[in-house]
Amino acid sequence: MDNLAWIFISALLVNNFVLTYFLGLCPFLGVSNSLETSARLGLATTFVMLVTAVCAWVLNTYVLIYAPYLRLICFIVVIASTVQFIEMLIKKLSPALFRAMGIFLPLITTNCAILGLAIFATNRGYGFMEGIVYALGAGIGFTLALVLLAGLREESELSNIPRLMKGTAMNLIIAGVLSMAFMGFAGLFSSA
Amino acid sequence: MKQNESYEEFIKGIWRDNPVFVQVLGMCPMLAVTNSAVNAIAMGMATFFVLVGSSFLVSSFRNWIPKQVRISCFIIIIATFVTVADYTLLALVPKVHKELGAFIPLIVANCMILGRQEAFSSRYPVRLAVMDAMGMASGFLLALFSLGAIREILGDGALFGIDLFGENFEPWIIMILPPGGFLTLGVILLFFNWFRFKKDEFLADVAAAERGGNG
């Protein structure tokens, strides 16, 4: 139980996928201009991550012991079909959300955070429960980073900043400062 | 004319449509592996191989791939090339492979590569697609190298592991750590913005002068 809690905290804060591993930066920089869209994208990503973790475990346990070199292709096919399924679902249920996310929805497939999750979980030899908890931590951590950046960007819309700084340059510098702040969480482990 | 056209496709990826500095794509490997120049170049070469190879295949098969499942098809093609690159690096340079670690399989998830297949290779003939891929990949390699070199010089006081400043230099450790990646790229993009504004101002000035001269 202790172990699971550490995996969760580690994926959520200390090794935050976006701010420490640089995974999933495209949606992080592209979609984070409004709080609501980024929260929804975060949720969608968390959901895909959970499904991915389950699929990765099944593949690792039953299929890939026979053919380890097919790992990458298997992972990506499973993830791609999951994402297409979710895309169809969202298109049906909420066309407004579908429009709001634009090109970034199909690009969840190529969101490295999702494939990275599957690969990291495999490299560390996580079991079923550990994988799920890891996916949950990583997904919520991703959402947290996305929402934090979106909040800061919404604030900065109202303030008077130099013309040169507007756009991605400033977002990256904000992300750098956020990343520095998250480095502080590394102390959680050494004190334990 | 034909020669010109493919040259155009090649050169636009390096500067005008540079995938990293202008389109801001493919950021994940970009920031994660650029803490030293050697890693940056290895990653750039691997991406070059994958992008050119998959553009070639996608463009050759573009009339046979059904529209509804095209993204899955592109990804399977890309994943095949990445697996090849992964095992090749493991065999040739095991040390670099170990340092890049999980980020080599993650080339699959580089949105720049899928973006090029969707936007270009699936619509144009093989020759143009390969030229475009080579241009984009060179632009990416260039961007990776400049970022890796800046971070290694400031964070380690060295380039390619060779000491540059002598022992009195106090390395900026932060540049090698994750925040340094964000900050460096932010500053480079700032420079690109400045350059673009200058160019626009210059063009506006020229236009104004011409109007004045004619009137």
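I began with the contact between the chains: 37 residues come from chain A and 34 residues from chain B. Two residues count as touching if their C-beta atoms, placed from the backbone, lie within 7 Å. The model is predicted, so I kept in mind that local features need pLDDT of at least 70, side-chain atom pairs count only at pLDDT 80 or more, and totals for chains, interfaces and linings use all residues. Residues are numbered from 1 along each chain as its sequence is written, while chains are lettered from A and ligands numbered from 1 in the order in which they are written.

Next I asked which helix gives the most to the side of chain A that touches chain B. It is H8(A), with 9 residues. By class, this side has 27 nonpolar, 10 polar and no charged residues. (Ala, Val, Leu, Ile, Met, Phe, Trp, Tyr, Cys and Pro count as nonpolar, Asp, Glu, Lys and Arg as charged, and the others, Gly among them, as polar.)

Then I turned to H3(A), residues 35-63. Helices here are DSSP runs of H or I with at least four residues, numbered from the N terminus. H3(A) packs against H6(A), residues 112-123, at an angle of about 35°, with the axes 9 Å apart. (Axes are lines fitted to C-alpha atoms over the stretch in contact, and angles run from 0 to 180 degrees between N-to-C directions.) Among the residues that meet, I found A:Val48 and A:Met49 in H3(A), and A:Ile114 and A:Leu117 in H6(A).

Last, I looked up the length: H3(A) has 29 residues and reaches 40 Å from first C-alpha to last, close to the expected 42 Å. That expected span is 1.5 Å times one less than the number of residues.

How values were computed
Helix = DSSP H or I, 4+ residues; strand = E, 2+ residues; numbered from the N terminus.
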